[in-house]
Amino acid sequence: MGRIVKHRNRLGCPTAIPGGPRRAAGQQEGAPVLVDTFGRTATDLRVSLTDRCNLRCSYCMPPEGLDWLPKPELLTDDEVARLVGLAVRDLGVTEVRYTGGEPLLRRGLPGIVRHTAELPPRPQISLTTNGIGLDRLAGPLAEAGLDRVNVSLDTLDRGTFKRLAHRDRLDDVLKGLAAARAAGLEPVKINAVLMRGINDHEAVPLLRYCLEHGYRLRFIEQMPLDAQHGWTRENMITADEILDRLSAEFDLAPDAGHDRGSAPAESFLIGGGPETVGVIGSVTRPFCGACDRVRLTADGQVRNCLFATEESNLRDALRAGATDTELADRWRKAVWAKRAGHGIDDPSFLQPARPMSAIGG
């Protein structure tokens, strides 16, 4: 691939400029990895295993839930295994994260993890979950080859949990966290979203809880990915606000010794370290310029960005008898078309039709 010349646009993302890359005939098809026109290479594959969930978190879906995908539209376990294997063996993917919906609802999850762990070269394998059922499955998943987990937990207050998730399951989540640590799925990371007037006062208690139990906390700005399309910037707790709340109780400093690379979280030392807290400013501090992620939905669609408005259908091609070479070409073409950034600050921004539960985190 030719020389790539980039500058940073106002989103903090690389943008091609004159003198930059020019696609030669057949260039993309011959590329051995998932590269886009801005020189970014996708090595982190997020695979949604279901759009179903046993919670109804208000920033994701309405209390009554959604119309779930019919089972025939979902990738089978064997189809997931084939596409993940293709990504790891032939397309340069080095980390596979299974998501949902709630991936623990997928009965074949341990087998899918085991197959992934047997791939050459072995990728890192992680799981994003709400933690319900993890108390039963942490051990079997660790034995199957799972390396670590990210657990969503936005509050430590039972009443607030019920208000946010429309389910009384806080105790189950806390049991799942403890089981994950006992099974060696470390670091156990907790993802928390703060919402104005609901749980924004819990930043400090959440961090104290994580420090006491040996979990690694990351706060995430609320993103416009709810099924109700009710997100507003005014109600979002920003990265700056999160840091202000934490700094009132903790001595925080940027973790200068930590190479962030493509990681979405900015890392901060607590009291000089070694403990840290992360802040993911997806909206106000976009990290699109270093993005290395690509997504595969539960129904077999490639999404080159969380906020993409277009998808590439691998499921139908696979079921029509496409070879691995043909599937790989489709995958590369989908990533090649990735935009410079999510564009949330752009007046023309359109929220994806699919909510987070149907995309996969």
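The legends below describe close-up views of one predicted model.

**Notes for every view.** This is a predicted model, in which local features need pLDDT of at least 70 and side-chain atom pairs count only at pLDDT 80 or more, while totals for chains, interfaces and linings use all residues. Residues are numbered from 1 along each chain as its sequence is written, and side-chain values use heavy atoms, with hydrogens and water left out.

View 1. The protein chain holds 11 helices and 16 strands. Helices (H or I, at least four residues) and strands (E, at least two) are DSSP runs, numbered from the N terminus. The chain has 361 residues, and 56% of them count as buried. Buried means under 20% relative accessible area, exposed over 50%, and partly exposed in between (1.4 Å probe, protein chains only). Take the contacts with a separation of 6 or more: 71% of them come from residues 24 or more positions apart. A contact means heavy atoms within 4.5 Å.

**View 2. Helix H5 has its buried residues on the same side.** H5 covers residues 158–165, and its buried residues are Thr160, Phe161, Leu164 and Ala165. They cover an arc of only 110 degrees around the axis, so they sit on the same side of H5. The arc is that of the directions from the helix axis to the C-beta atoms. Helix H6 (170–182) is included in what covers these buried residues. Asp157 caps the N-terminal end of H5. A side-chain oxygen of Asp157 lies 3.1 Å from the backbone nitrogen of Gly159. Just after H5, His166 takes a positive phi of about 60 degrees.

**View 3. Glu202 is a buried loop residue.** Glu202 is found in the loop between E9 and H7. Its relative accessible area is 5%, so Glu202 is buried. Neighbours within four places in sequence are left aside here; Glu202 is then in contact with Thr155, Leu156, Asp157 and Thr160. The side chains of Glu202 and Thr155 make a polar contact (2.4 Å). A polar contact is a pair of N or O atoms within 3.5 Å; within protein, one must be able to donate a hydrogen and the other to accept it, and residues adjacent in sequence count only if both atoms are side-chain atoms. Glu202 and Leu246 are 44 residues apart in sequence, and their C-alpha atoms are 9.8 Å apart in space.

**View 4. Helix H7 packs against helices and strands.** H7 covers residues 203–213. Its buried residues are Ala203, Val204, Leu206, Leu207, Tyr209 and Cys210. They pack against H6, strand E9 (189–192), E10, H8, strand E12 (266–270) and E13. Just after H7, Gly214 takes a positive phi of about 80 degrees.

**View 5. Four positions carry a UniProt "binding site" label.** The unreviewed UniProt entry places this feature at Tyr59, Gly101, Ser152 and Met223. UniProt positions are given in the numbering used here, feature names are shortened, and annotations may be inferred rather than shown by experiment. Gly101 lies in the loop between strand E6 (95–99) and helix H3 (109–117). Met223 is found in the loop between strand E10 (216–220) and helix H8 (239–247). Met223 has 15% relative accessibility, so it counts as buried.

View 6. Cys288 is in the loop between strand E13 (276–280) and strand E14 (293–296). At 11% relative accessibility, Cys288 counts as buried. Cys305 lies in the loop between strand E15 (301–303) and strand E16 (312–313).

**View 7. The largest cavity is lined by ten named residues, including Cys291.** The structure holds 1 cavity of 30 Å³ or more. The largest cavity has a volume of about 40 Å³. On a 1 Å grid over the protein atoms alone, a cavity is a set of points where a 1.4 Å probe fits but cannot get out; lining residues have an atom within 4 Å of a point. Grid points are joined across faces, edges and corners, and a volume is the space filled by probe spheres set on the points. The lining is Leu34, Asp36, Arg40, Thr41, Ala42, Cys291, Asp292, Arg293, Val335 and Lys338.

**View 8. Gln301 is buried in strand E15.** The relative accessible area of Gln301 is 8%. Its side chain reaches the backbone oxygen of Asp299 at 3.1 Å. A polar contact of 3.4 Å joins the side chains of Gln301 and Asn313.

Note on methods
1 Å grid on protein atoms, 1.4 Å probe; cavity = no way out; pocket = protein on both sides within 12 Å on 5 of 7 lines; lining within 4 Å.
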